[in-house]
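Hi,

Here is the structure I promised to pass on. Have a look at it first, and my notes follow below.

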Amino acid sequence: MTAAGATGELESARVTRILRDDIILGRRAPGSRLVERDIAAELNVSRLPVREAIRALVSEGVVVARPRTWAVVREFTHRDIKDFAEVREAIETLIFVFAAERHDEAGIARLRAAYERERDAAEADDAEGARIAAADFHEIAAELAGNEMLGELIAVFITRLRWLFGQHDDLPAMAEEHRVILETLAARDVDGIRTLIPQHLANGQAVAERRLANGYQI
């Protein structure tokens, strides 16, 4: 286990967080190599926390370990996107339904704050800020669902969820979809949520599919 820094965060956790954000936000391109010694020098750490971080990101599904060579940032395929979308629709629809049924005022306030951060970032053309807030919106909804098993299930693919939201170019449109979901959820309109969430997730899938079809590596 690597040592904790001045903030109390383990070095391996810090390196994992930095590399995860770099991948999700496109700073490290799909297919690019993750060379332990280079990353260690860049982040001013030993190679051990880098090795642990790469191992963690392999388990999160965004890095591929290649025996006897470098690990690389995963290149997603049409099949990957389809498989992810099928699982995600079932789980996230249930999450938002439970959140609609079980939320309290404090929870809605947190969800609204995430939406407002996203909207403001989109209006300021801050793509990174908008995409981070968009993913936060979904994570908060998972907490409001109040189901530990669902929380464990979504934790398995939360990094890929954040990656998918990193594909959106029409930031105001995404923020507007979240506004409608927020108001429907706040009204405890479960039938409305059951309609909105699959549509919302299908839009995200379509964006990722278009980018792949147009030659972007994702």
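Let me start with helix α5, where G107, I108, L111, A114, Y115, E118, A121 and A122 are buried; buried means under 20% relative accessible area, exposed over 50%, and partly exposed in between, with a 1.4 Å probe and protein chains only. Looking down the axis of α5, the buried residues sit within an arc of 160°, so they line one face of the helix; the arc is that of the directions from the helix axis to the C-beta atoms. An α-helix has 3.6 residues a turn, so residues three or four places apart point the same way. On the other side of α5 you will find E105, A106 and E123, which are exposed.

Before I go on, a word on the source: this is a predicted model, in which local features need pLDDT of at least 70 and side-chain atom pairs count only at pLDDT 80 or more, while totals for chains, interfaces and linings use all residues. Residues are numbered from 1 along each chain as its sequence is written, and side-chain values use heavy atoms, with hydrogens and water left out. Helices (H or I, at least four residues) and strands (E, at least two) are DSSP runs, numbered from the N terminus.

Back to α5. Its 19 residues (105-123) should span 27 Å at 1.5 Å a residue, and the end C-alpha atoms are 26 Å apart, which agrees; the expected span is 1.5 Å times one less than the number of residues. The cover over the buried residues of α5 includes α6 (127-145) and α8 (171-186). Just after the helix, D125 takes a positive phi of about 60°.

Leaving aside neighbours within four places in sequence, E118 is in contact (heavy atoms within 4.5 Å) with A130, A133, A134, M174, A175 and H178. With H178, the E118 side chain makes a side-chain polar contact at 2.7 Å. By polar contact I mean a pair of N or O atoms within 3.5 Å; within protein, one must be able to donate a hydrogen and the other to accept it, and residues adjacent in sequence count only if both atoms are side-chain atoms.

Now the charged pairs. The structure holds 17 salt bridges, each a side-chain nitrogen of Lys or Arg within 4 Å of a carboxyl oxygen of Asp or Glu. One of them joins the side chains of R27 and E128 (2.6 Å, N to O). R27 lies in the loop between α1 (11-24) and β1 (33-34) and E128 in α6, so this pair ties together parts that are 101 residues apart in sequence. R27 is partly exposed at 46% relative accessibility, and E128 is partly exposed at 34%.

Another salt bridge pairs E86 with K82, with the closest N and O atoms 2.7 Å apart. Both are in helix α4 (residues 78-102), four residues apart, which puts about one helical turn between them. Salt bridges that share partners also join D22, R27, R28, E42 and E128 into one network.

Happy to talk any of this through.

Best wishes
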